[in-house]
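Hi,

Here is the structure I promised to pass on. Have a look at it first, and then read my notes below.

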Amino acid sequence: MAMAAFAAKAEDVFPKWSDLTTWTEPKVWSDDISPMRFAVVRSSATGCEPNCPEWISAEGAIEAGTPAQLKRILKKLGRRKLPIIVSSPGGNVDAALQLGRIIRKNKLDIAVGITKFSDVGPG
C-alpha cells in the first residue's frame, strides 16, 4: 500500500492548472485543525538530569491571536532563550509574518518538528 502511494503522480492527486474549470481544493488538511498552542517542554530522556533540554512547542494552525500568545510565553520566560519547535499546517499569513518578526527580534532558534508528550499533555 505504501508503494502505491509513492508511485502516484502529482496529476493523480492535484488537477492540472490548465483545467481550472474542474479545480477543487484537494483534501490535504483536516477540517478540524486546532489553533496553535504553545507549551514550554522539558525532555524526559533517561539520564539527562540535571541538564535536560527544554524548548517551546508550537503546534496547530496560525491564527490572528497566535503572535500575542508567543509574546506572553516569552515574557514568562524572561531572559531565557529557548528554541521553538513548530508543527503547523499554516494559517493566517499576517500572523505568521508577525511570528517571524518576534522570533528574529528575540534571536530565537526555530525548527520544524513535533513534540510527543509522555504521561501528561501540554498545559
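Let's start with helix H3, residues 66-77: its 12 residues reach 17 Å from the first C-alpha to the last, close to the 16 Å expected at 1.5 Å a residue. (That expected span is 1.5 Å times one less than the number of residues; helices are DSSP runs of H or I with at least four residues, strands are E runs of at least two, and both are numbered from the N terminus.)

A quick word on the source: this is a predicted model, where local features need pLDDT of at least 70 and side-chain atom pairs count only at 80 or more, while totals for chains, interfaces and linings use all residues. Residues are numbered from 1 along each chain as its sequence is written, and side-chain values use heavy atoms, leaving out hydrogens and water.

Back to H3: Thr66, Pro67, Leu70, Ile73, Leu74 and Leu77 are buried (under 20% relative accessible area; exposed is over 50%, partly exposed in between, with a 1.4 Å probe and protein chains only). They sit on the same side of H3 because they cover an arc of only 120° around the axis, going by the directions from the axis to the C-beta atoms. Lys71, Arg72, Lys75 and Lys76, on the other side, are exposed.

Cheers
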